[in-house]
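Trainee: I would like to go through the labels used for this structure and see what each one rests on.
Mentor: Then ask about them one at a time.

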Amino acid sequence: QVQLVESGGGSVQAGGSLRLSCAASVNFYNGYCMGWFRQAPGKEREGLASIYTIGGTTYYADSVKGRFSISQDMAKNTIYLQMNSLKPEDTAMYYCAAEIVLYPGSCSRLLDDEFRYWGQGTQVTVSS
């Protein structure tokens, strides 16, 4: 049973920063695509960033490129999402997701239906 546990959400003012963490009960050396998604009330879930654990290739949605950064700690089987210059429209529930894949390119589409494993989410609220 794969478990993903997110942490680091909270409330911040516009322009501020937060770093989310996702601890996974998998071995990153087996080759996983790890992704961050978010869902705001009344909106569809949106893919933000992903990382292929073998080699660390990263992918970003245009909406967060340059502001958000995904990284990993192989020793801890943990990924992070550094979020800078936060805006009120970044307010959402943020989810970590995982899927075992063979190639980094399989990690590039940021489509939620391509991930089997999901965390419970962590709330991020950005006030103006």
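Trainee: What makes Glu 114 buried, exposed or partly exposed?
Mentor: This is a predicted model, and in it Glu 114 has a relative accessible area of 29%.

Trainee: Why is the pair Arg 109 and Glu 114 called a salt bridge?
Mentor: Their side chains meet at 2.8 Å, N to O. The cut-off is within 4 Å, so the pair qualifies. Arg 109, with a relative accessible area of 46%, is partly exposed.

Trainee: How do you know whether Asp 90 and Arg 67 are buried or exposed?
Mentor: The relative accessible area is 1% for Asp 90 and 13% for Arg 67. Buried means under 20%, so both residues are buried.

Trainee: What makes Asp 90 and Arg 67 a salt bridge, and which parts does the pair tie together?
Mentor: The closest N and O atoms are 2.8 Å apart, and the rule asks for within 4 Å. Asp 90 lies in the loop between strands E8 and E9, while Arg 67 lies in the loop between strands E6 and E7. The pair therefore ties together parts that are 23 residues apart in sequence.

Trainee: How do you know that Glu 99 and Arg 116 form a salt bridge?
Mentor: The N to O distance between their side chains is 2.8 Å, which passes the limit of 4 Å. Glu 99 is in strand E9 and Arg 116 in the loop between E9 and strand E10, so this pair links parts 17 residues apart in sequence. Glu 99 is buried at 9%, whereas Arg 116 is exposed at 52%.

Trainee: Which residues touch the most other members of the largest nonpolar core?
Mentor: That core has 32 residues, and Met 34, Ile 79, Leu 81, Met 83 and Tyr 94 touch the most other members. Strands E3, E4, E5, E7, E8, E9 and E11 each supply at least two of the core's residues. Another core, of 8 residues, lies apart from it and includes Cys 33, Tyr 52, Tyr 59 and Ala 97.

Trainee: What does Ile 79 touch?
Mentor: Leaving out residues up to four places away in sequence, its contacts include Leu 20, Phe 28, Met 34, Trp 36, Ile 51, Ile 70 and Cys 96.

Conventions: Residues numbered from 1 in each chain as written. Predicted model: local features only at pLDDT ≥ 70, side-chain atom pairs only at ≥ 80, totals over all residues. Heavy atoms only, no water. Helix = DSSP H or I, 4+ residues; strand = E, 2+ residues; numbered from the N terminus. Buried < 20%, exposed > 50% of the residue type's maximum accessible area, 1.4 Å probe, protein only. Core = buried A, V, L, I, M, F, W, Y, C linked by side-chain atoms within 4.5 Å. Contact = heavy atoms within 4.5 Å.
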